[in-house]
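I opened my notebook to look up a few things about this fold and its helix packing. Here is what I wrote down as I went.

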Amino acid sequence: MRVTQGCFSFLPDLTDEQITAQVQYCLENGWAVNIEFTDDPHPRNTYWDMWGLPMFDLRDAAGVMMELTECRKVYGDRYIRLSATDSSHGWESVRLSFIVNRPKNEPGFRLERQEMGGRSVRYTTKSYAVDRPEGQRYGGS
Amino acid sequence: MSALAQADSGAAPERIDLRREFNEVGIGEILDQLDRDLVGLKPVKTRIREIAALLLIERIRKRMSLTSDVPTLHMSFTGNPGTGKTTVALRIAAILHKLGFVRRGHVVSVTRDELVGQYIGHTAPKTKEILKKAMGGVLFIDEAYYLHRPDNERDYGQEAIEILLQVMESQREDLVVILAGYGDRMDKFFASNPGFRSRIAHHIDFPDYSDAELFSIADLMLQEMNYKFTPDSREAFVRYIELRKTQPLFSNARSIRNALDRIRLRQANRLVADLDRVLTADDIMAIEPSDVLASRVFSQAQVTS
């Protein structure tokens, strides 16, 4: 099951050229671009690991693409996303975030039902991938 | 994209009007401005014209799909302090940008401090951060020979050099690196880092300025600041240049700029000393010989002679 989080996630995966164009758009708006990765794709998992520091004062997307290539070399079997932060007054938050890399197989989520008192049921979703320990979830070492 | 490229090359023009092409990219203005604004530096200007011509042709060749790879554009500027290396680097960036060889045309000027870290593991991220900032423009490394410390083999400078070399080779279309420094030390630097020498296409040597050139630089600087020499102070300043050149730590145009700053200081002092005077615009603009002659350069020259 394809994880759909952030911008563009209902579109086919962006090519590197398209990613470059998006990053350039962010930089031209003066946003700092940050690379994050994770192998726990639960929608409530907002704390992804950072790949280096957010990149400030860049003029050209090539710098971000260089880091993304490095990140893919190491964590190519995980989810990688780019997020662009607007530091200007009043915004001071993420303006754009999109997935740029995903594992080959995305096993998806299962629905768990918990019987409660009376006849009520509690529902929760769990990713099949997280059954395995971190780092081995998507066929990685 | 590839379909687009093909359509582009399919329509590649058979003939190209060189003049129109030249006017279109607008490097003519930059080259003229270079001639106007920079005094002297004849060999440098000729070299830059040559490089600009080469790049213009390269651009046309690319359009006619006669060539596909990106030319190596990394350069080294050697010359004594104050000979205009940084200024020329800014112009080069503008030329490269107009010709489309760098995408943004900004210049990131750094020295060893900004590239080399303080402890193990600090250098690589630091160097990479600078490289990322410079992407799409020109990275100007001033006093590049400091990156290599031959007396300390565990110096982190070597790590920065390796990262630089790798990016200079693999991302030639994203970044142009200009190394600058004094002639003899740069020669030594290149001798101990053959990787750099082979990756740099253009070595440009900046000659020292002659006395007359230094004077016209001073004149130009004063004009920009709305000051002017009186005929007497003009003579005094010509003598000042002669004497200053023989003294240690002379750094061409930079020394002239500093001298002018001090002269302005003395002029202001002289004017303020006499508070009851009514000043005209001419008085405020004029530099008197006494402003020049009070310089330490003259008194030292007397001591040594």
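**Entry 1: chain A, the parts list.** I reminded myself that this is a predicted model. I then went through chain A and found two helices and six strands. I followed them along the sequence and noted the pattern α-β-β-α-β-β-β-β.

**Entry 2: chain A, overall dimensions and burial.** I looked up the extent of the C-alpha trace of chain A, which spans about 60 × 40 × 25 Å along its principal axes. Chain A has 141 residues, and I found 30% of them buried. I also checked how far apart in sequence the contacting residues are. Of the contacts in chain A with a separation of 6 or more, 54% join residues 24 or more positions apart.

**Entry 3: a helix pair in chain B.** How are two packed helices described? By the angle between their axes and the distance between the axes. I looked up both values for α11 (residues 211–224) and α13 (residues 252–273) of chain B: their axes come within 10 Å and cross at roughly 45 degrees. I therefore put α11(B) down as oblique to α13(B). I noted the crossing of α11(B) past α13(B) as right-handed.

**Entry 4: who meets whom.** Which residues of α11(B) meet α13(B)? I listed Leu214(B), Ile217(B), Ala218(B), Met221(B) and Leu222(B) on the α11(B) side. On the α13(B) side I have Ala253(B), Ile256(B), Arg257(B) and Leu260(B). Sorted by class, this contact has eight nonpolar residues, no polar ones and one charged residue.

Conventions. Residues numbered from 1 in each chain as written. Chains lettered and ligands numbered in written order. Predicted model: local features only at pLDDT ≥ 70, side-chain atom pairs only at ≥ 80, totals over all residues. Helix = DSSP H or I, 4+ residues; strand = E, 2+ residues; numbered from the N terminus. Buried ≥ 20, exposed ≤ 12 C-beta atoms within 10 Å, placed from the backbone. Contact = placed C-beta atoms within 7 Å. Axes fitted to C-alpha atoms, helices over the stretch in contact; angles between N-to-C directions. Parallel < 35°, antiparallel > 145°, perpendicular 65-115°, else oblique. Left-handed = near helix turned anticlockwise from the far one by under 90°. Nonpolar A, V, L, I, M, F, W, Y, C, P; charged D, E, K, R; others polar.
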